[in-house]
Amino acid sequence: MLTIQHTKNFRIEKPCIATIGTFDGVHLGHQKILQHLNTLKKKLNLQTALLTFDPHPRKVLFPEQRDLKLLTLADEKLHLLKEQGIDVTIVYPFDKEFANIEAEKYIAQILIKQLNVKHLIIGYDHKFGKNREGDFQLLKNYSPKYDFTVEEISAKDIDNIAISSSKIRKYLEDGNVELAEKFLGHAYFIKAVVVKGKQLGKTIGFPTANLKVMSPDKLIPKIGVYFVSIEIETKVYFGMMNIGHNPTVDNTQQIKQEVNIFDFNGDLYSKTIRINFLKRLRDEKKFENLAQLVKQLELDKEQCSNLIQTRKSS
């Protein structure tokens, strides 16, 4: 996959089939659009292109709304798009100047002159241009003038629930990582650097890797204890992760992330690892003493062991 990013100055020489959107999470709804793109590629003998944006448009259009957290950071999104077989991905710098471009100028300058679009596929709710005045009907109106065709993908449902990035964010904020996985088509994950902690876990038989998530924009699931898998370089391990305040041993209000990795021995400091959320086990709880905490951790690990066996036998 050819990637073009951090520039507004580009031109794709070969004509293409293109689609446009934020594609946060690259969820199953997005994947259906991309699958259709690849089907048309074979029929029309054109390369595929995807136009997406960084930062997320909402962060520019509504800077006062600081609650938006992302399912995928820019590099994570690019990795998932590459898996979908896209030929060219453009990560366009989204700013107020771009947001205020007139709709026809957007079509003529961006879609035709720079992307070299011959066929455009958009989602059912796609808007563009100044005041979001551009839509599917406007694209159809201008398509003869600029010699391209356009089609709209209708809302796709799974179990009669429309897939959207905002709904998946809500599932994760509620701790429902299994439902999030169902609509993403893959386990929700974070990437984090292992940093020094208090090393208390080692003294009670549950050593943990303390984590620093790659960006404050990344969505962290609801506080609690999770069954997870951990990717360390080329190997995958299972483990259990706590997101929260560690109220039994700490009095800070800072939310921390730490993971106990099963059957792992090694130095992870300063390494980047990936954590895949598989199931939420329970709420975080304050125990009266360390002995009660250890007893609960043993129960958590037993539950994880049962889940591992279930996954291996399924």
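The exercises below, each with a worked solution, concern a predicted model.

**Exercise 1.** Find which residues of helix α7 are buried, and explain how they are placed around its axis.

*Solution.* Begin with the helix itself, which runs over residues 165–173, and note that Ser 165, Ile 168, Arg 169, Tyr 171 and Leu 172 are buried there. Next, consider their directions: these residues cover an arc of only 160° around the axis, and therefore they sit on the same side of α7. Finally, look just past the end of α7, where Gly 175 takes a positive phi of about 85°.

**Exercise 2.** Describe the largest nonpolar core, stating which element gives the largest share of it and what Leu 111 touches.

*Solution.* The core has 34 residues, and those with the most contacts inside it include Leu 51, Tyr 106, Leu 111 and Leu 139. Among the elements that give two or more residues to this core are strands β3 (47–54) and β5 (117–123) and helix α6 (136–146), while the largest share, 6 residues, comes from α5. Turning to Leu 111, and leaving aside residues up to four places away in sequence, one finds that it touches Ile 20, Tyr 106, Asn 116, Val 117, Leu 120 and Leu 139. Another core, of 30 residues, lies apart from this one and has Ile 168, Val 177, Tyr 226 and Ile 273 among its members.

**Exercise 3.** Work out which side chains make polar contacts with the side chain of Glu 258, a buried residue without a salt bridge.

*Solution.* First locate Glu 258 in strand β13, residues 256–261. The nearest side chain of opposite charge, that of Lys 256, is 7.1 Å away, whereas a salt bridge requires the charged atoms to be within 4 Å. Then turn to the polar contacts: the side chain of Glu 258 is joined to that of Thr 208 at 2.8 Å, and to the side chain of Asn 246 at 2.9 Å.

Conventions. Residues numbered from 1 in each chain as written. Predicted model: local features only at pLDDT ≥ 70, side-chain atom pairs only at ≥ 80, totals over all residues. Heavy atoms only, no water. Buried < 20%, exposed > 50% of the residue type's maximum accessible area, 1.4 Å probe, protein only. Helix = DSSP H or I, 4+ residues; strand = E, 2+ residues; numbered from the N terminus. Arc of directions from axis to C-beta. Core = buried A, V, L, I, M, F, W, Y, C linked by side-chain atoms within 4.5 Å. Contact = heavy atoms within 4.5 Å. Lys, Arg positive; Asp, Glu negative; His and termini not counted. Polar contact = N/O pair within 3.5 Å; in protein donor to acceptor, adjacent residues only side chain to side chain.
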